[in-house]
Amino acid sequence: MSLSSYIHDFGTINSDSIYCDSITLTNVGDDKLEIGEIETECGCTHASVDKNELNPKEFCTLRFFFNPKGKGIGPQEELIIINANTDSLFYIMQIKAVIQ
């Protein structure tokens with residue numbers, strides 16, 4: 001599996017808004033890719049895919065949301081962990097922001 005980005009930086013943000021974006025997940029293998037559970041570090045981050053099974057060379061969208069309310073001021077980092085039936089077993093995407 002390949003992610004179109006392994007780090008997403010929202011830049012400087014306010015704590016009173018919810019921020020969202022997306023990346024592309026691609027099956028770069030020769031077998032069917034099964035995307036399992038998508039985990040986040042806290043309730044401030046949510047992520048989901050629009051397809052859980054991808055044939056070789058097929059892709060899907062991973063949408064993610066970050067709610068900085070209550071996180072304090074300054075730099076923040078959150079992780080999205082994507083489980084899959086690959087040799088690596090999971091992939092990590094990092095979300096970064098500076099809350100003002």
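**Reading T86 in its setting**

Biologist: Where does T86 lie relative to β8 and β9?

Modeller: T86 lies in the loop between β8 (74–84) and β9 (90–99), where strands are DSSP runs of E of at least two residues and helices are runs of H or I of at least four, numbered from the N terminus. This is a predicted model, in which local features need pLDDT of at least 70 and side-chain atom pairs count only at pLDDT 80 or more, while totals for chains, interfaces and linings use all residues. Residues are numbered from 1 along each chain as its sequence is written, and side-chain values use heavy atoms, with hydrogens and water left out.

Biologist: How many helices and strands does the protein have?

Modeller: The protein has zero helices and nine strands.

Biologist: Is T86 buried or exposed?

Modeller: Buried means under 20% relative accessible area, exposed over 50%, and partly exposed in between, with a 1.4 Å probe and protein chains only. T86 counts as buried because its relative accessibility is 18%. Of the 100 residues of the protein, 36% count as buried.

Biologist: Which residues is T86 in contact with, leaving aside its neighbours within four places in sequence?

Modeller: Contact means heavy atoms within 4.5 Å, and with those neighbours left aside T86 is in contact with M1, L33 and Y91.

Biologist: What joins the side chains of T86 and Y91?

Modeller: A polar contact is a pair of N or O atoms within 3.5 Å; within protein, one must be able to donate a hydrogen and the other to accept it, and residues adjacent in sequence count only if both atoms are side-chain atoms. Here the side chains of T86 and Y91 are joined by such a contact of 3.2 Å.
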